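Please keep the sequence and the structure in view while reading.

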Amino acid sequence: MMEAMVCHPLDTIKVRMQLSRRGRQPGLAKRGFLRTGIEIARKETPLGLYKGLGAVMTGIVPKMAIRFTSFEWYKQLLANKQTGNVSGQSTFLAGLFAGVTEAVAVVTPMEVIKIRLQAQYHSMADPLDVPKYRNAAHALYTVVKEEGFGALYRGVSLTALRQGSNQAVNFTAYSYFKEWLQRWQPELDAKSLPSYQTTLIGLVSGAMGPLSNAPIDTIKTRLQKTPALAGTTALQRIVGISKEMFRQEGFHAFYKGITPRIMRVAPGQAVTFTVYEFLKDKLEKSKPAILTGERYEE
């Protein structure tokens, strides 16, 4: 939750950059992430940078719980039955399946609501400037009422692909970095890595996911921003958005918002892995209290 509160403005900037049609239109200068953020704060007040935070706060705790629980489960499932070792390929697949699981269970509906709120250009300071979606709960109600429950799963294939590739790359890179550092420091023996090292490799591995799937994320954002067109399939809409982006804005449009996305995701993963390793170590070392006679023993 702290990660979401600190990093959410970067996500709002990323979404606005991905939705921007400025591209290569004559007379319109390119708008970087700093200028985009300043424009949002100036026109919509600094609170405008926190649009959609309610949807994120609602979904981030179950998302993280599902991510790590399913990853550990898939990892055990794919481990060598004789030795119990988990290969790099198995780690990659466990991360991939964990990302798909969280995308279907939590992330897709959360993203649809978040993007609808972030895409609104109303001022947070003007009480007369009433947006279509007032908050996360109202956006959820309105989307379901106007477009049906299925609208919450618009772009689920792209979201699953993004989350799956994110976590596959993330967990694989993190596992390799962790193993390398443990071999490099034999004095640690079976002890956990120092927190600063966990933070560092979490930061690096967290940045690798966004770099590997930026086009998927940009297409997904545009797909989830607007209602579906009658008589068109999800694949037709994805292909149509991709063609229009390439024709009107060029190849670079698929990487819009990559800077704020890395700036948001990488520190978030660093915090998440550090806290996860700390709590996992404490939980694995602890034993349940056993009642013997009149006193408890560990």
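Predicted model: local features only at pLDDT ≥ 70, side-chain atom pairs only at ≥ 80, totals over all residues.

Because Arg-222 belongs to helix 7 and Glu-249 to helix 8 (residues 234-249), the pair ties together parts of the chain that are 27 residues apart in sequence. Are these two residues buried or exposed? Arg-222 is buried, with a relative accessible area of 4%, and Glu-249 is buried as well, with a relative accessible area of 1%.

Salt bridges that share partners also join a set of residues into one network, which consists of Asp-11, Lys-14, Glu-111, Lys-114, Arg-162, Asp-217, Lys-220, Arg-261 and Arg-264. As a general point, side chains of opposite charge can pair when their charged atoms come close.

## Other salt bridges

How many salt bridges does a search of the whole structure find? The search finds 23 of them. One is formed by Glu-146 and Lys-132, whose closest N and O atoms are 3.0 Å apart. This pair links distant parts of the chain, since Glu-146 lies in helix 5 (residues 136-147) and Lys-132 in the loop between helix 4 and helix 5, 14 residues apart. Lys-132 is partly exposed, with a relative accessible area of 43%.

Another salt bridge brings together the side chains of Glu-179 and Arg-183, at 2.9 Å from N to O. These two residues are four residues apart in helix 6, and therefore about one helical turn separates them. Glu-179 counts as partly exposed at 40% relative accessibility, whereas Arg-183, with a relative accessible area of 55%, is exposed.

## The chain as a whole

The protein chain contains nine helices and two strands, and when it is read along the sequence the pattern is α-α-α-α-α-α-α-α-α-β-β. Taken along the principal axes, the C-alpha atoms of the protein chain fill a box of roughly 70 × 45 × 40 Å. Of the 298 residues in the protein chain, 48% are buried.

## How helix 4 meets helix 6

Helix 4 (residues 88-118) packs against helix 6 (residues 156-184) at an angle of about 140°, and the axes of the two helices are 6 Å apart.

Gly-95 is found in helix 4 and is buried, with a relative accessible area of 0%. The C-alpha atoms of Gly-95 and Ser-165 are separated by 7.9 Å, although the two residues are 70 residues apart along the chain.

## A nonpolar patch on the surface

Which residues form a nonpolar patch on the surface? The patch is made of Phe-177, Leu-200, Leu-203, Val-204 and Met-208, which together have about 390 Å² of accessible area. The largest share of the nonpolar patch, four residues, comes from helix 7 (residues 195-225). Met-208 is found in helix 7, and at 34% relative accessibility Met-208 counts as partly exposed.

## A loop residue with a positive phi

Most residues other than glycine have a negative phi. Thr-45, although it is not a glycine, has a positive phi of about 75°. Thr-45 is found in the loop between helix 2 (33-44) and helix 3 (53-78). With a relative accessible area of 19%, Thr-45 is buried, because the term applies to residues under 20% relative accessible area.

Key
Residues numbered from 1 in each chain as written. Heavy atoms only, no water. Buried < 20%, exposed > 50% of the residue type's maximum accessible area, 1.4 Å probe, protein only. Patch = residues over 30% accessible without salt bridge, like charges linked within 9 Å, V, L, I, M, F, W, Y side chains within 5 Å. Areas by Shrake-Rupley, 256 points an atom, 1.4 Å probe, with all protein chains shown as cover. Salt bridge = Lys/Arg side-chain N within 4 Å of Asp/Glu carboxyl O. Axes fitted to C-alpha atoms, helices over the stretch in contact; angles between N-to-C directions.
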